[in-house]
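Subject: Structure handover

Hello,

Here is the structure I promised you. Please open it beside this email and follow along. My notes come after it.

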Amino acid sequence: MNYLTVENISKSYGELQLFKDLSFSIHKDDKIAFVAKNGSGKTSILNILSGADAPDSGQVIIRNGLRLAFLSQSPTFEDELSIEETIFNSDLPILKIIERYEKALLHPEDEEAYQKAFEQMDINNAWEFELQFKQILFQLKLEHLDQKIKTLSGGQKKRLALAKALISNPDLLVLDEPTNHLDLEMIEWLEQYFAKAQLTLFMVTHDRYFLERVCNEIIELDHGKLFTYKGNYSYYLEQKEARITNENVETGKAKQLFKKELDWMRRQPKARTTKSKSRIDDFHVIKEKAHQRRNDHKVQLELNMERLGSKIVEFHNVSKSFKDKTILNKFEYVFKKGERIGIIGKNGTGKTTFLNMLTHSIPPDSGKVIIGETVKFGYYTQDGIVIKPGQKVIEVIKEFGEFIPLTKGRQISAGQLLERFMFDRKKQYDYVEKLSGGEQKRLYLCTILIQNPNFLILDEPTNDLDIVTLNVLEDFLLDFPGCLLVVSHDRYFMDKIVDHLFIFKGDGDVEDFPGNYSDYRDYELSSPPAETSKTDSNDAASQKQNEANKLSYNEQKEYKSIESKIRALEHDKKTMEEKFHDTSLTQDQIKKLSDELQKIIDNIAKKEARWFELSEKLE
């Protein structure tokens with residue numbers, strides 16, 4: 001059953017053309033993800049589908065009587081209403097029945113009104129629906145129904161908008177980044193909800209696990225053309241790779257044919273026959289195809305990163321509370337070179353507060369946070385870039401210098417740097433305020449990285465970034481030799497770049513877990529319930545002996561993480577060896593460098609020995 005058809009829609013803003021002549025359709029039970037680069041017009045397309053905006057040309061045909069709900073990135077509500085009043089502020093008849101029943105409960109003295117409301121709940125079978133929508137509010141941490149909208153945070157408003165969209169029981173649900181502002185537990189619940197619900201979905205999301213587990217179709221806008229893939233994210237990746245390979249082959253053939261036809265065009269006589277005119281027309285088509293180019297950039301920056309010393313960041317007996325809410329309780333940790341730590345936990349458990357204490361933005365209540373002299377932080381916050389009116393993209397980067405230093409004495413210009421972050425020459429002279437939300441985040445990320453930090457802190461870096469940019473960022477971070485600390489609800493992103501977790505459980509409880517997010521989830525699911533019965537001492541001794549012959553769970557995680565630590569030490573070794581090329585070094589300086597180099601070599605040997613020890617134990 002066809003729910004919605006898009007026919008040849010186009011949209012421009014001044015000289016900027018977002019898209020042209022796009023056509024696709026949405027059918028009952030489709031769960032479609034729309035994928036495109038930031039700035040391609042994804043949000044504009046969602047606004048057009050929902051009726052919040054209109055195309056410059058073309059049309060959207062919606063089935064008569066179709067109930068459509070839209071989750072925007074920036075939902076608006078009436079500030080003076082409560083959460084409950086906002087939910088009931090709907091034209092859905094069953095919600096009106098539940099609202100009357102809830103009001104009747106508050107006035108039990110009016111027996112007639114209560115009886116009537118109770119009967120309507122029975123007649124319309126509203127009890128189950130009431131239970132369902134209260135479960136939705138509970139899962140999205142919106143239990144305080146009398147709380148006023150004006151007191152809610154931006155994240156709470158986004159969750160309320162999601163709850164309202166789900167409760168409205170639509171035929172078609174259009175979603176713009178539904179997982180933003182949700183913690184991991186909420187995302188996994190929403191995943192299961194969508195997988196089971198008889199809902200038709202059309203959404204923009206960067207959450208690749210979400211795409212994998214929820215969607216059955218992916219529509220990609222790539223270089224102005226739409227491509228449809230009838231499958232999940234894994235299928236999409238396979239088919240896209242095959243398509244690009246085929247396109248490259250076809251472009252290669254077109255280039256060869258173009259050379260042949262160009263030679264003919266140069267040799268042809270002035271008198272043209274009908275046949276030659278046809279060939280000339282074909283020549284222009286071949287020329288266009290031969291000159292097609294893909295702009296799939298990769299960020300390849302060999303940053304001139306200052307070497308980390310032996311002391312990086314140390315937490316000693318650190319505690320922090322806000323009123324009756326405990327964030328840290330006598331927390332101890334010493335950061336080591338090459339660590340790649342992810343931070344997860346429910347909203348409100350203190351993840352961002354921890355980052356602010358680490359960078360000395362806020363002080364602890366007790367204990368000490370010691371930062372090494374060589375540490376240079378790069379801190380990507382959720383606040384994003386500060387937009388100055390009238391400032392152009394290139395001017396943002398030039399604030400850090402006309403040229404950016406790289407390793408081995410090389411440098412690149414501000415414009416070249418922006419090109420590596422997928423801002424072409426034309427886009428570099430756009431005003432920052434005219435960039436899409438995702439493009440602004442990409443520019444902000446660029447300003448953090450070009451300062452050559454050796455300790456990179458990323459607080460929800462994946463929000464509003466498209467999948468293409470995320471892949472680019474992941475490739476960069478995998479080669480980043482310094483320390484890395486990431487707060488993110490993007491499970492795919494975390495699995496790919498971290499090998500260690502801090503799990504914030506609330507009330508000051510922080511678990512140190514040696515593994516990525518999927519490892520942690522597997523560990524949670526496989527952990528047996530606590531044993532209550534006593535075991536025989538002989539059995540216990542036997543079990544202990546068996547466990548000694550294989551790796552424990554923590555040893556398995558240590559085994560996986562050692563490789564990244566060795567990689568960081570090898571980078572330090574290489575940097576140190578390059579310093580010996582300086583012919584102006586004194587004898588004392590050479591001895592000092594030799595001592596430091598020997599310490600690194602000894603550390604590498606120690607790590608490698610431990611790696612072999614675990615390898616043999618594993619075998």
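Start with two terms. Helices (H or I, at least four residues) and strands (E, at least two) are DSSP runs, numbered from the N terminus. Two strands pair if DSSP finds at least two bridges between them.

Next, the ground rules. This is a predicted model, in which local features need pLDDT of at least 70, side-chain atom pairs count only at pLDDT 80 or more, and totals for chains, interfaces and linings use all residues. Residues are numbered from 1 along each chain as its sequence is written, and side-chain values use heavy atoms, with hydrogens and water left out.

**The chain as a whole**

The chain has 20 helices and 20 strands. It has 619 residues, and 46% of them count as buried. Buried means under 20% relative accessible area, exposed means over 50%, and partly exposed lies in between (1.4 Å probe, protein chains only). Contact means heavy atoms within 4.5 Å. Take the contacts with a separation of 6 or more: 68% of them join residues 24 or more positions apart.

**The sheet with β3**

An open sheet of 6 strands runs in the order β5-β6-β7-β3-β8-β9, with mixed pairing. Its edge strands are β5 (68-71) and β9 (225-229), and each pairs on one side only. From one strand to the next, the twist averages 15°. For such angles, axes are lines fitted to C-alpha atoms, for helices over the stretch in contact, and angles run from 0 to 180 degrees between N-to-C directions.

Look at β3 (residues 31-35) and β7 (residues 200-204). They pair in the parallel sense over 3 bridges. A33 has M203 in β7 as its bridge partner.

Helix α1 (residues 42-50) packs on this sheet. It touches β3, β5, β6 (172-176) and β7, and its direction makes about 150° with that of β5. Which residues of α1 are buried? They are K42, S44, I45, L46, I48 and L49. After α1 comes G51, with a positive phi near 90°.

Now find S72, in the loop between β5 and α2 (83-88). Is S72 buried or exposed? It is buried, because its relative accessible area is 19%. Leaving out residues up to four places away in sequence, S72 touches K158 and D176.

**Two helix pairs**

Helix α3 (residues 93-106) packs against helix α4 (residues 111-123) at about 145°, with the axes 9 Å apart. The crossing is left-handed. That means the near helix is turned anticlockwise from the far one by less than a right angle; clockwise would be right-handed. On α3, the contact uses I97, I98, R100, Y101, A104 and L105. On α4, it uses A113, Y114, A117, F118, Q120 and M121. These residues divide into 10 nonpolar, 1 polar and 1 charged. Ala, Val, Leu, Ile, Met, Phe, Trp, Tyr, Cys and Pro count as nonpolar, Asp, Glu, Lys and Arg as charged, and the others, Gly among them, as polar.

Helix α5 (residues 126-139) packs on helix α6 (residues 154-167) at about 160°, with the axes 10 Å apart. The two are therefore roughly antiparallel. The cut-offs are under 35 degrees for roughly parallel, over 145 for roughly antiparallel, 65 to 115 for roughly perpendicular, and oblique for the rest. Here the crossing is right-handed. F129, F133, I136 and L137 of α5 meet A163, L166 and I167 of α6. By class, that contact has 7 nonpolar, no polar and no charged residues.

**The strands around β10**

Strand β10 (residues 313-322) pairs with β13 (residues 366-371) in the antiparallel sense over 5 bridges. F315 has V369 in β13 as its bridge partner. β10 also pairs with β11 (residues 325-334), again antiparallel, over 6 bridges. V318 stands opposite F331 in β11. The hairpin of β10 and β11 has 2 residues between the strands, and K323 takes a positive phi near 55° there.

**The sheet with β12**

Another open sheet of 6 strands has the order β14-β17-β18-β12-β19-β20, with mixed pairing. β14 (377-380) and β20 (509-513) have a single partner strand each, so one side of each is left without a neighbour in the sheet. The twist averages 15° from one strand to the next. Within this sheet, β17 (residues 455-459) and β18 (residues 483-487) run parallel, joined by 5 bridges. F455 stands opposite C483 in β18.

Best wishes
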